[in-house]
Structures are given as structure tokens and as C-alpha cells.
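Here is a friendly walk through a multi-chain model, with an eye on how its chains meet. Have the sequence and the 3D view open as you read.

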Amino acid sequence: MTEAARPVADDPKAAVRARYEPVIGLEVHAQLKTESKIFCSCSTRFGAAANTQVCPVCLGLPGVLPVLNERAVRFAVMTGLAVGSSIRLRSVLARKNYFYPDLPKGYQISQYDRPLCEGGAIEILAEGERKRIGLVRIHLEEDAGKSLHPEGKEGVSTTRVDLNRAGVPLIEIVSEPDLRSGAEAYHYLTKLKQILVYLDVCDGNMEEGSLRCDANVSVRLRGAKEYGTKTEIKNLNSFRYVEKAIAYEIDRQIARIEGGERVVQETLLWDSARNVAETMRSKEEAHDYRYFPEPDLLPLDLTESWIEGIRESLPELPDALRERLVREQGIPEYDAEVLTETRSLATYYEEVAARSGQPKLASNWIMTEVNAVRNKTGQPIESFPIDAARLGDLVGMIAGEKISGKIAKTVFERMLEDPDGPAAIVQKHGLLPIDDEAALRTLAREVLAANPGPAAEFRAGKEKTFAFLVGQAMKQSRGRAHPEKLQAALRAVLAEEG
Amino acid sequence: MPIDVTTVRKIAALARLRVETSEEERMARELAAILTYVEQLQALDLEGIDPTSQVTEGAPPALRPDEARPCEVRDDALSAAPDRDGDYFRVPQVV
Amino acid sequence: MTPAPADWAEASAEQIAESVRGGKVSAEEVTRATLARADRTASRLATFLHRMPEEALASARGIDEGRSRGTTLGPLAGVPIALKDNICTRGIPTTCGSRILEGYHPPYDAHVVERLRAAGAVVVGKTNCDEFAMGSSTENSAYAPTRNPWDLARVPGGSSGGSAAAVAAREATLALGSDTGGSVRQPAAFCGVYGLKPTYGAVSRYGLVAFASSLDQIGPFARTARDTALLFNAICGRDPRDMTSRPEASPVRLEALEEGVKGLTIGIPRDILSGEGIAPAIRACFERAVAALTRSGASLRDVTLPHAKHAIATYYLVATAEASSNLARYDGVRYGLRAKDGNLTTMYEATRGAGFGREVKRRILLGTYALSAGYYDAYYLRAQKVRTLIRRDFSEALEKTDALLFPVTPTTAFGIGEKVDDPLSMYLNDIFSVPASLAGVPALSFPAGFDEAGLPIGLQLAGRPFQEETLLRVARAYEATDDAAARRPAIAKEGS
């Protein structure tokens, strides 16, 4: 079915929206997890008192020079290789000149026309479909310090500057304008973060600022070849805000065009309290950054063999890991997607699957029970109280019919507090299943004796009361009765006395 | 490319440099003379010539190993600050 | 060894170091003698922005104590040295001749300062210079113009005028300056001393306040070729804090300087000598020097530097572009001058407007323009391409020669105030010094003679990268035939 013939909802807004194609590109800045800053040996540790992780170099004192951090280059190359970029053997660092109080030198050392990585792509899962989002480039640059704008006394406003962050290494990842919705942007960011965390090059934490995102948004009529005018949205501090802000901006641009006005090329700030994007008041003039190659650093020359060495030492990446789990464990793609959220979760899963011999059951347990607890507590899998060995044993017990699924859930709860193995906990709390026929018949007789009315009704032909009787028996056995065997015993006893 | 007072003002703004009104004409004149002089480069045929990216040849220098070191600067980073607020540098706010 | 001089302020660095190491004289005595000379002449010449007599005597005593304890002393033990005020000295004012850094005390020492202290040199003060090293006369200093010791109504040259004058006036035995387009060589020529611009990358720039990053080099001033070598040796070599400093840089062998010029080929770039504007006295001196070197056994070869005529235009685009960026950090936020003004933007503008002098402003504006949108290709990029051609000219000329010989300046020292109102004419003084800076090759100015007015004439030797030794060897051979380097300005003879 062609775009034009797509059925249109009753909602008139949707009808209008359907005529337009949003075009979105994202620029993401990721702080690299190096020990020291990109051009000096100051620590990059988060949370130090203001202006204590600084030195003449990152303070921009007269006479200082930058010296490039090897690991920052390594992490940037790892990222480029992971997303299939081509790595330039000679790339150039360049000065981006502008004045701001948190930019000590009056220029930022970045990259301009010869970035370290070019091309590449990130694959996302959007509405059940796999989609390839192209990348333009990835380049290295230094972070600026922090400017804080509290109000001063007598309404005179000042800015306070902390330069601890100045010089922390960043990579800037620029996507092609291949995204088509706020939701796709959300998925892109999730996937990008996942890759960076897998590589252990970045924490990927938007709330703490180790991952930052600006969105470029435009719309055009479906079928049009030219791009519309784009706006840039800044101050997006979470993946959800990115999604919301993009959706907002798409609608705003459509409304303008429908209203006969042009979209103005401008920079907007997202206001997450009011859920609107506002024009930035200052910075009206377009910046002239006067880029030129950084003379203090010389071009960055890499060798093929160095890059190959990095390629060989890359960890298994999310897509490959996901595919491998599907292949080796025979679990569905959906499961593998969830279980590879982080490498540590995938490792956890593999251990549980191996220990229990139950790949699908292991997957279910992690996706439902384990993740339910983690969603509440926010714990990473590394600090989850039930390790893979214990969970593997539990899952094994279920598979071996040593306990029922229901009892297993109780055991699981206990295991969160009690470091003992599942078998020991079952013993301790008397949770062994009752599957002995004689015991079950005794139980059945007790239940029938305690419920003469329903027993009589059943014998009189009311099938529905059977479920009630089963429930009572389960209750009395505190869930330990083997469900199928209990039912068989109950039927037998009912038939006996019938 | 003639440089006039308007251009001087624009570049001065880019460079955050105040040029007194009384000095603007003179600056424009002097810059214009210099730029006229450098126009000679326009006549050269530079087809196929790469810009100089480094003056000395040789193996690229080693990159710095990633080790955090405490700062050797004995004085507090803010000691030379024209204005400070406790641990912070303080500046007037951007308009 | 030569007998002890009547005045240690006249002695060479080599003799001082040897004597201090050998216990023949104390470092303190040498320092006192030098301080006494500076006491007589420094305020008239305005050589120093900051004199350090107490610190110097303390250093000197430290060296003497070290000697008595049996510590091995360094190659510059007890030698008094002056440092240009754009070289960072911990806790000691470093103003770069500018108001914007008035009262600024760096919290760290430049690499070269660490090396000098390790070598046992005694720093006697920070010398005057053109503001941020921008100028050819030291008249652009925000503080005062330095005067040429040979004629106090004339400039000492620039931008390292204070350092050159201090050495010529015997206020220091050695000095360091910085050379971006001739700022060590030209004042050396105007003041009748040796001035070396090392190969780019031979000396670490860590702690040199940047003017033009791809051109700046710290360079020695001295009164003999051997002293120049000694000082170069004390500061050259790779420093991991400067990514542009090179491991290929290695010390000059002092013995090699005595080998003479037999077997060496000297290139004469006749094309750059053909223009008018070269003072007749300089031309004559040049020809005499050529003859002297030929007599000493050097062969000659004509070479050309066809793109050298574009060097000034190239330099004033590349250097000012880099400078406009390097000087952006002087914004009143973290150190230096801050002009109280309304908002952030006006604060920046007022600070930089008040803190920078006219020449610096001119160059910042020119450089900003050369990099700005729409002009980058036509100006900066184009200039960097012409620079490639100039570098090629030098490597081709030096393929079959060991060194090139040509003037340093078109004239001898001009009068104070004579050129301040015509920036372009001031820039054209650099016509012979700028090409070697753009090419990154080492270049040495050596005292070669005097003009009719008794003003010093310097000549220039340029060589292959990291061949400072060859240049000093040729200069040493010339020194043996001529006494230009041994003569003293009258002011240095007063009361001695």
C-alpha cells in the first residue's frame, strides 16, 4: 500500500501529521571513561570539590600545551570499529574558537574536516522492524567546564565557573538524518548507550551528563526530495525528554507550515517542566568558529596494525551476542534482546542456562522474576543478591520437578534475603513438594471432610466446585502439593466415596 | 577586499576586542594596507600544493599514557582570579 | 685556561662555568659583578621588567654551597642569565610586556627554566620585550622601550630587545629570547651579539607564552659562538609536555666547532640579495664575510629561494591567525587584568581593549579576519600552501650546501619612534628573518661587522633541520677571522 493510500484515523491531527515526514538527526556527546583528561593528567573522577581537578594546562594558563591521551584515542577508535565506521589513518585535531567563561583557552580542541571516524551505522528495533541508522562521523574533542548561573544579590546576576570538567575527553557521534520519530530517537539512544557500555568506554548516563544529546529536527511533505528547514533542540537530559521534545517539535513545525508560516532555523531549549521548546534568547548571531588545524598537536597518525590490534580485542557486541544466544540457546529474539541489555546480564543468563540446562526457562525467570525485582530496586545485575549459580540451581529444580513453579517463586523470595542454596531453603522452610500418592489422598480426604457442602455439590454433578476444592487443598498444603497429582488424588477420593 | 570601519567593528566583536571609536579609522586604514600587501599571494598558482601541517618531519610523537596525577601547581587554582566566589571563578552573566 | 678577567661580567659563560666548577671563583662573586653592571645601566637601557638580585644571589650561594659539599655542578654553573618576560618563571612576574598580565605570577616554571636551574645557571631577571612578542623594536612593550646599548636613541630590535641588549651591555652573560619571525636574530644583529633560532621542535615550548604556535622557538643570546652552543645544549631536547618537541634534537659538540669550514659548502641565495633596500654597509659586510669564509676554506654555491619574496605576506597571515587564537585566553576570567564592565561580553571587550596595545590588537584583528568564514581559504589556507613552497625552497637549496649565508636585516638599528606609525614598513624589516621561521630550519645571527655609524651588523646562517652544530661551526670559523663579536658598546665600558 502506498503512503498516500494509507488509511487515515478519525483524529484530524493524525491526518495532517500523516502528510509529513519528520527527518531527525542526533548529535550525541559521550564522556570517555579515561583516568585522566584528554590533554593533561588531571583526574576525570566525578564529584570533586570545584576547581580541584585542574592544572595549568586545563586552566588555560599562559604558556601551556596539550598532550593527547592515548586511551582517549583508543576508546574513540573502539567506538568507530564497533559501529562499522572507517578509521582515518591521519586525522586532524582542530581549534574551534569562541568565548565562554567555561572555555579556558577561548577555543575548544575538537576535530573539523578530518575526523577520526567516518560512516558506520547503528541498527535499531523500532516497532518490531530492524532499521539501520547511518552515522556521519565520530570525532574526539575536549569537554568544557561547568557554568552555574545562580542569581546574585540585588538582582545582579553572575556566573560561577568550575573547571574540573574542562578537558574531560568526549567523542561526538553524529547520525545521518535517518530517524523518523521521537520513538526511533529513543531506540537509537538506547542502542548507542548499550554499545558504549558494552565497550566500557562510557557510562552512558544522561542524568549525570556522561551522555548528552542535541536533536536536529525538520519536516517535509511525504515524497518530497528536499529537506525542510531544521531546528536544533538542546537541554535534553534523558532519553524520554528526547522522545518528547522531538514529538513536540515535529507537531510545532507541522502546525506552522499548515498555518502558512515558515519554520525558522534556530536553536531551541527544551523545558522539561512545561514540556515545550523555547527559543534561546541569546546567541542570535551564527557562530563563526574559525576552525584551523591545532598546531600544538600535529596530525594524529595511526597505523593499520594498531587499529587491527584494537579490532581484535573488541568485546562481543550486543547484536552479535544477541544472535549467538538465539543460535546457541534456541531462545526467541525477543528474549535475547532483553537478556543482552548489558553484557553482564547476558553473562548471567548464560551461566543460569548452563547450570540449569534450561535455556528457555532460565530466560523466563530472568525476564520476569529477576528483572521485576531489579526494576524496583534499580540494582545492576552485578549486585543482584541471587547469583547465577543459585538461580541456575533453582531453575534446575523446577525442571526436575523437585518443586512446582509456584513454590519456586516463594523460594526465590526467600533467596533474596537468605544466601543459602534453593535446596537448603526448601528444606529449612518445609517447602518440599507433596507428591506421594498416599499423602495426597490423606490431604484430599481432609479437605473433603472440611468442606462437606462443596464435596456434595461436586458429587451431585457441579464440576465447578472441583476447582474450589483443589484451591483449598493447595492452601492447606501451603502450595506444596503437586498440582497434577493432587487433582488425580482428589478425583480418586471423590470417586471412592461417591 | 577593502576593510572599512564596519568590518573592523565586526571582527572586533568576534575577537571580543574593544577598539575605541577614535581608533577605528586608523585601524581600518592600517589593516587595509596590510591586506593589500598580502594580496600578492592570490596571484600564485598553488594547484596540487598541500598546506603545511607540520614543519618537522619524523616519526609521530608518542601519545600520553592515561594516568591521573595530582596537580603539581602548589597554589590554589583560584589564587590569581580577578573575582571568585569560594571555590568558583565568578564572572558577570551573559546577557 | 685563560687568566681570570678583571671583571667577571666580561667573561664568557664557558670560562665562568669552568672557573666556578674548578673553584677558581665563587658563583656569588660572578653574580655580584654582573648585578653591579646592571645596576649602572639597566634603568637607562630599560632592559629589565623585573630584576631579581636577591634570588640571583641566593641561587649563586646555593651553587657555591653545593660545590663545597662535593656536588657535581652543571655545565652553566654560576653563569648569570636573563630571560625574556614571555618565559614562565614560577612565582616571578611574567608579563610578556603587556598590561593584561601585569602582576601575573605563573605557578610553574617553563621547561627551559627547569633545565637552566639544573645546569646551575643564575637567573638575574626578566627582560623587556614587544608585547606578546609582537614587534621588531621592543617599542610595543606596554612598559617602556628598551634602548640599544650601542646608541641609546636607537632600538635594540625586537621582540627580544631586552635580552639582546642585556647581553650586549654585559648585564647578563647569556640570555634567552623567543623567535617567531626573527625576534632573536634581528635584535642579536642590532645589538652585536649571537642569536640562534633553533630548528622548530628542538627546544620545548612548554612555558613559553604562545604567540604563533607553529613558528615560536626559544633561542639563546650570547657573546661567543661557543657560549651560544653551551646555552643551546642546556635547553634542547624532547620534552613530553610539548608534542611538537622532537627527539632528533641533540646537543652541539663543542669540539666540532673548532673544525673550521674546509670542506663545507656555503649557499648564497643571490635572488633575495638582489632587491634594493639593503643598506650598502650591510651589503659590503656580507661580501667581506663571503670572502673571509672562502679564504678559510669554504666552497660557495649559488642557490635560489624563489618564494622567499612571499614570506612576509605568508607570515603575517599564518602567525596572526595562530596568535588571534592563542591570545583568546586573556579574557579576564581566571587571571590577569579584568576591566569591570556590565555583562560578560562587555567585560571581555573592555578587558581586552584596555589590556592589549595597538600592535597586538592589530594582529588579533588581522588573524581573526584571516580565519573568518569566507576568508579562510583565501588567506590562512593559501598562506599555509605558500609556506610549503618556502620549505621546499630551503630543502632544495640545502641539498647541495651545508648552510646558507644571507643578511639578517636590511638595515642596522633604526631610531626609536622612526617606524612606529607605519606597521607595514615595520613588518618589512623581517624580510630576511621570516623565511627560515616558516621553513622551521635553524638560523643563526652572528656579529659580522659595523656600519659607518658604528652600529653592529649581523649576518645569518640557515641550515638543515637539527644542524645547529654546522651553523655554529661556520660562525666560529668567522669569529676567528674578525673581532666584531669582541667589541663592546661604550655603555658597557663605563666605569669598568
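A:Pro62, A:Leu65 and A:Phe99 supply 23% of the area that chain A buries against chain C, more than any other three residues. The contact (heavy atoms within 4.5 Å) involves 31 residues from chain A and 38 residues from chain C.

C:Arg205 pairs with A:Asp296, and their closest N and O atoms are 2.8 Å apart.

## Ground rules

This is a predicted model, in which local features need pLDDT of at least 70 and side-chain atom pairs count only at pLDDT 80 or more, while totals for chains, interfaces and linings use all residues. Residues are numbered from 1 along each chain as its sequence is written, chains are lettered from A and ligands numbered from 1 in the order in which they are written, and side-chain values use heavy atoms, with hydrogens and water left out.

## Where chain B meets chain C

Between chain B and chain C the buried area is about 5,500 Å², and carbon and sulfur atoms give 65% of it. Here 57 residues of chain B are in contact with 66 residues of chain C.

The rule finds three salt bridges across this interface. C:Asp421 and B:Arg26 meet in a salt bridge through their side chains (3.5 Å, N to O).

## Chain C on its own

What does chain C look like by itself? Its C-alpha trace spans about 65 × 55 × 45 Å along its principal axes. With 496 residues, a compact globule would have a radius of gyration near 23 Å, and the 21 Å of chain C agrees; the radius is taken over C-alpha atoms, and the globule rule is 2.2 Å times the number of residues to the power 0.38.

## The domains of chain A

Chain A is divided into domain 1 (12-308), domain 2 (316-428) and domain 3 (437-497), with bounds that come from an automatic or database domain assignment. Taken over C-alpha atoms, the centres of domain 1 and domain 3 of chain A are separated by 66 Å.

Technical notes. Buried area is the accessible area (1.4 Å probe) that two parts lose on being put together, summed over both. A salt bridge is a side-chain nitrogen of Lys or Arg within 4 Å of a carboxyl oxygen of Asp or Glu.
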